[in-house]
Amino acid sequence: MFNSGEILETINMVRKEHLDVRTLTMGISLLDCVRGTTEETVDRIKFKIGDYAKDLVKTASDLQCEFGIPIVNKRISVTPVSLLGGGRLDYVKLARAIDEIGRDLGVDFVGGYTALVHKGMTDFERKFIATIPEVLSTTSNLCSSVNIGSTKSGINMEAVAMMGRVVKECAKLTADRGSIACAKLVVFCNAVEDNPFMAGAFHGLGEGEKVINVGVSGPGVVHSAIKDLPNATFDELAEIIKKTAFKITRVGQLMARLASERTGADFGVVDLSLAPTPVRGDSVAHVLESMGIETVGGPGTTAALAMLNDAVKKGGLMASSSVGGLSGAFIPVSEDIGMIEAARSGVLGLEKLEAMTAVCSVGLDMIAVPGSTSADTISGIIADEAAIGMVNNKTTAVRIIPVEGKETGEVEFGGLLGEAPIMKVSKVDNSVFVARGGKIPAPLHSLKN
Amino acid sequence: MKKAIVSVIGKDKKGIIARVCMELYNLNINIADITQTVMQEYFTMIMMVELEEDQVFAEVSSALKKLGEEIGVSISIQHEDIFGAMHRI
């Protein structure tokens, strides 16, 4: 039997501190769906996703009802679409079919319009990447990602240059909707195969047929645990965060186990990321501020984030039989009320954000910049972020929105994507750097100093 | 037998226990244990209850939620496993 203190603690985490399971994501392999024509392949894909994920939304709703833990998003990730058919099939038609079946099933997002070009690019991958702007501007829930670098293979600078132009094109094609297509596109270094979070989820080639991955949340719970402890040392704070992360992760573990049993899927991973939402009381920035920094972005922020990220992982690891995905604190600007306010006040700039990404998951995420920002500037930002990931052996990503037609002010994306102040970007010319192409070689794995 | 925790939280007033217990009786749910306190004017009751295997959580949950709205308190029911996961290693 549980004592009333334990029961009330759990109830308060949900009622007051926004504890939720952020996403229940089903990964589905589409490798066996390839047929001789696009039409036959589309039929097979629709049938397979429709069959495998038919109970996903209902399962999430049942679990939410039985356990009283909100499951905010239901998502599907699929095999990187660029690999289907080796360029013989019409990628845009495949994309629309996947988007349509996702909508029919009632899921929030489908991820996997993805290319993995970290070492080199085939002709069909070039063709695929060129379709991303059209696809993201004409579909609603489909998300795209491109992996342009890795610690083992270096950074593909041809792909980096290309992605700067793709991001700009996405912004232009959805100029009437706040350049929303850019919010559905992530450029990765060291992308992971089992990430349940969007926009970067895809079902990796090392994965099985049908897998459930769960992303938990809980910045509000961590904030509440440490906010009234001005005299606690960092060791003490780290201990409290570990214990809190343990409890949050156990919820994710239970939901993931039951969801995989009920949908007949393999249990994949629990992603330990602290994922914020734009709601007040659900902010990673506020966790950092509660460590004693007036506004996130001020001196000490990077160290506070490093400690938080590490403690969350240490606490979460023991709570789950299988941990993976991105697993770290997210610092998206538009999706976190504390980050929005810090960026609005000018305390938090792109440079500090870049430093923060060196110690946490995942990268420059949901950053709105002026519409006049050039493709070369975006490529430069992508290259810098990829270099941090490559050298530090971690995932980094860029999800940046050059808001077409806007230079200052704010842009609103709605829902979990939130709203973002447009941040200042350096206008230094880097066109020669971007035009070089080739590869930045993989870093040394020894002589580390 | 499925074990669950019913929690009732709200401003204290007459008849909360009576109404909740009657509703559980009507739903054919056994009450195994009750603890109740009043904290800062807020009435907090936690009940350990037992549902038959074939009882549907969603129906019980919506009946309790409706009752909560009628009497002006928040009533929720959660499978006990969530508390076990969080508080027991």
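The crossing of helices H3(A) and H8(A) is right-handed. This description refers to a predicted model. Helix H3 of chain A covers residues 56–67 and helix H8 of chain A covers residues 234–263; the two pack with their axes 10 Å apart, at an angle of about 135 degrees. An angle of that size makes H3(A) oblique to H8(A). On the H3(A) side the contact is formed by Leu56(A), Thr59(A), Asp62(A), Leu63(A), Glu66(A) and Phe67(A), which meet Leu254(A), Met255(A), Leu258(A), Ala259(A), Arg262(A) and Thr263(A) of H8(A). By class, the residues of this contact are seven nonpolar, two polar and three charged.

The chain that holds these two helices, chain A, has 14 helices and 14 strands. Taken along the principal axes, its C-alpha atoms fill a box of roughly 60 × 50 × 50 Å. For 449 residues, a compact globule would have a radius of gyration near 22 Å; the 21 Å of chain A therefore agrees with that expectation.

Two further helix pairs of chain A were examined. In general, two packed helices are described by the angle between their axes and the distance between the axes. Helix H4 (residues 91–105) and helix H5 (residues 123–138) of chain A cross at roughly 45 degrees, and their axes come within 9 Å. H4(A) is therefore oblique to H5(A). The handedness of the crossing of H4(A) and H5(A) is right-handed. Six nonpolar, two polar and two charged residues make up the contact of H4(A) with H5(A).

H5(A) also packs against H6(A), here at an angle of about 20 degrees and with the axes 8 Å apart. Because angles under 35 degrees count as roughly parallel, H5(A) and H6(A) are described as roughly parallel to each other. Their crossing is right-handed. H5(A) contributes Arg126(A), Ile129(A), Ile132(A), Pro133(A), Glu134(A), Leu136(A) and Ser137(A), while H6(A) contributes Glu158(A), Met162(A), Met163(A), Val166(A), Glu169(A), Cys170(A) and Leu173(A). The residues in the contact of H5(A) with H6(A) divide into nine nonpolar, one polar and four charged.

Two backbone features of chain A concern loops. Most residues other than glycine have a negative phi, and most peptide bonds are trans. Ser179(A), a residue other than glycine, has a positive phi, near 55 degrees. Ser179(A) is placed in the loop between helix H6 (157–173) and strand E6 of chain A. The peptide bond joining Met198(A) and Ala199(A) is cis, with omega at about 15 degrees. Ala199(A) belongs to the loop between strand E6 (185–189) and strand E7 (210–216) of chain A.

Chain B contains three helices and four strands. Along the sequence, these elements follow the pattern β-α-β-β-α-β-α. The C-alpha trace of chain B spans about 35 × 30 × 20 Å along its principal axes. A compact globule of 89 residues would have a radius of gyration near 12 Å, and the 13 Å of chain B agrees with this.

The four strands of chain B form an open sheet in the order E2-E3-E1-E4, with antiparallel pairing. Strand E2 (30–39) and strand E4 (73–79) of chain B are the edge strands, each pairing on one side only. From one strand to the next, the twist averages 15 degrees. Strands of a sheet pair through backbone hydrogen bonds, either parallel or antiparallel. E2(B) and strand E3 (residues 42–51) of chain B run antiparallel and are joined by nine bridges. Within this pairing, Asp33(B) has Met48(B) in E3(B) as its bridge partner.

The sheet of chain B is contacted by a helix of chain A: helix H1 (residues 4–15) of chain A packs on it and touches strand E1 (2–11), E2, E3 and E4 of chain B. The direction of H1(A) makes about 70 degrees with that of E1(B). A helix of chain B, H1 (residues 16–26), likewise lies across E1, E2, E3 and E4 of chain B. H1(B) runs at about 20 degrees to E3(B).

Key: Residues are numbered from 1 along each chain as its sequence is written. Chains are lettered from A and ligands numbered from 1 in the order in which they are written. This is a predicted model: local features need pLDDT of at least 70, side-chain atom pairs count only at pLDDT 80 or more; totals for chains, interfaces and linings use all residues. Side-chain values use heavy atoms; hydrogens and water are left out. Axes are lines fitted to C-alpha atoms, for helices over the stretch in contact, and angles run from 0 to 180 degrees between N-to-C directions. Angles under 35 degrees count as roughly parallel, over 145 as roughly antiparallel, 65 to 115 as roughly perpendicular and the rest as oblique. A crossing is left-handed if the near helix is turned anticlockwise from the far one by less than a right angle, and right-handed if clockwise. Contact means heavy atoms within 4.5 Å. Ala, Val, Leu, Ile, Met, Phe, Trp, Tyr, Cys and Pro count as nonpolar, Asp, Glu, Lys and Arg as charged, and the others, Gly among them, as polar. Two strands pair if DSSP finds at least two bridges between them. The radius of gyration is taken over C-alpha atoms; the globule rule is 2.2 Å times the number of residues to the power 0.38.
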